[in-house]
Amino acid sequence: MPIRVRYAPSPTGDLHLGSLRTVIFDWLFARQEANGVFIMRLEDTDQSRLVEGSAERQLEAMAWMGVLPDEGICLDEQGSLTEKGSYGPYTQSKRLDIYHKYAEELLAKGAAYRCFCTPERLEAMRKEQQANHQPPKYDRHCRNLSTEESAKRAAAGEPFVIRHAIPDDQEIKVKDLVRDDLVFQSSELDDYVLLKSDGFPTYQLANVVDDHLMVISHVLRGEEWLPSLPKNLLLYKALGWQPPHYAHLPVILGPDGKHKLSKRDGDVSLIGYKKKGYLPDALFNMLAMTGWSPGTEEEFFTRENLVKRFSLERVQKAAAIFNFQRLEFVNGWYIRQMQVGDVAEHMLPYLQAAGLPVKPGNYLLTVAAALQERLKHFDESADIAWFFFKRPTVTPELRTLVVPKHGEWNVTEKTLREAIGVLTGLNDEQWTVDVLDEQLRLYIVMNNYKLGDVLWPIRAALTGVPASPGAFEMLAILGKEESLARLQAVIS
């Protein structure tokens, strides 16, 4: 049986890091063989929670990440939802007749029953169970209704749901591809709802029916779905179907390792990382290594290598911790691997958005080369590069900044005047990093200065910030005229 895996989100929000990790594992696993297929379908049966445009934004995020599905829900050239594949429709709200068919089949087999309990009765039942310190569980009040009475009440228009008649005293055994052998007891399960009174299926019914009819071979999902596994398996058995293989992935915890990753830890929406200027390959590599290990000390992989190396056998059972600082490091590493032209192209929109007078060209390429080692994500571009395009305003704070630690302004002013004299004597051909380095160091040695006594004031005066590329590099990039103008402005 060929590998067929699926990502089945509810269109209730944007794609977040936890779901993206599942998407990446699905995508990698599907590519373990030549005819593997990665499918996307929409689980939109909870109509009250739907968010308009959510599915489109999730697909746009997946496109940016390079993990679009091979089959199922996709976007057309106009950016509207469409479908491709032979097992559609791939949106659950368009498959209601299919779910009704199998719900009726379960009724006919005695594997399900109609429940006419009102919300008021169910609430009273729950309160009584709480008072008696019992687990919340349907009391099977309608389970023993005769077929005739059940059909008669339904025909009379009395509202009902359809519940799964969980068999008594059954042991459910399954081998999970991550968690090995698991055992569940049917006595611990509730007669849960399969079909709601509004005609929409619950997750449990739609999920099983869709996975079977779409010939899903493996289900990769978060460990929070483990309680659903015995229900799924009993439903497959009731319908006479072979279940797929299951792999329940470890939960992703926040940096403190104590709770599930959430907004309070940091940005968890993929759109947020795109806006901040993170690279898709960095997020891909980071999330692929969140809960999976290659078994070596290797840290960075191409996608081709990950496809070859990935296996469910090396997915860990224990929870995985997501480290935002680690993500910054990984993203910085990927930035350093880029061509400088690509770095400049990524920086440009952030610089322009900050209102800086910048345009594509050799000067921007030079700036990008100077900052490539420092960038962690591209939304930092304006903060660390503005002084290449705009003179620092001379303020008392800048005057304070140019004075080295434990220094005095009158000494620094004298040093800057002398340095200006040295720099003025250089012609344009001499205005290179090497010559600037040579001439300024010669001046420092001849006057028995320390490097910091001269180079710190020059760099601070040129940039107006405490951290930037070095003095020689800043002088060379800004050029003679601009450099001298900035130095002179500080002491004027």
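Asp437 and Arg441 both belong to helix H17 (residues 433-446), where they are four residues apart, about one turn of the helix. In this predicted model, their side chains meet in a salt bridge, with 2.4 Å from N to O. Asp437 is partly exposed, with a relative accessible area of 21%, and Arg441 also counts as partly exposed, at 36%.

A search of the whole structure finds 29 salt bridges. One of them joins Asp211 to Arg6, with the closest N and O atoms 3.0 Å apart. This pair links distant parts of the chain, since Asp211 lies in helix H6 (residues 203-213) and Arg6 in strand S1, 205 residues apart. Asp211 counts as buried at 1% relative accessibility, and Arg6 is buried with a relative accessible area of 6%. A network of salt bridges links Arg6 and Asp211 with Arg41, Glu43, Arg95 and Asp210.

Another salt bridge is formed by Asp191 and Arg143, whose closest N and O atoms are 2.9 Å apart. This pair also links distant parts of the chain: Asp191 is in the loop between strand S8 (180-185) and strand S9 (193-195), Arg143 is in the loop between helix H4 (119-131) and helix H5 (147-155), and 48 residues separate them. Asp191 is buried, with a relative accessible area of 1%, whereas Arg143 is partly exposed, at 22%.

Strand S1, which holds Arg6, is part of an open sheet of four strands in the order S1-S2-S3-S4, with mixed pairing. Strands S1 (4-7) and S4 (81-84) stand at the edges and have a single partner strand each, so one side of each is left without a neighbour in the sheet. On average, neighbouring strands are turned by 40° against each other, direction ignored. S1 and S2 run parallel and are joined by four bridges; Arg4 stands opposite Val37 in S2. S3 (residues 71-75) and S4 run antiparallel, also joined by four bridges, and Gly72 stands opposite Lys84 in S4.

Helix H1 (residues 17-30) lies across S1 and S2, running at about 165° to S1. H2 packs on the sheet and touches S1, S2, S3 and S4, its direction making about 95° with that of S3. Both faces of S1 are covered: Arg4 and Arg6 on one side, and Val5 and Tyr7 on the other, are all buried.

The loop between strand S2 (37-40) and helix H2 (54-65) contains Asp44. Asp44 is buried yet has no salt bridge, and the nearest side chain of opposite charge, Lys94, is 7.8 Å away. The Asp44 side chain does make a polar contact with that of Ser93, at 2.6 Å.

Conventions: Residues numbered from 1 in each chain as written. Predicted model: local features only at pLDDT ≥ 70, side-chain atom pairs only at ≥ 80, totals over all residues. Heavy atoms only, no water. Helix = DSSP H or I, 4+ residues; strand = E, 2+ residues; numbered from the N terminus. Buried < 20%, exposed > 50% of the residue type's maximum accessible area, 1.4 Å probe, protein only. Lys, Arg positive; Asp, Glu negative; His and termini not counted. Salt bridge = Lys/Arg side-chain N within 4 Å of Asp/Glu carboxyl O. Polar contact = N/O pair within 3.5 Å; in protein donor to acceptor, adjacent residues only side chain to side chain. Pairing = 2+ DSSP bridges. Axes fitted to C-alpha atoms, helices over the stretch in contact; angles between N-to-C directions. Contact = heavy atoms within 4.5 Å.
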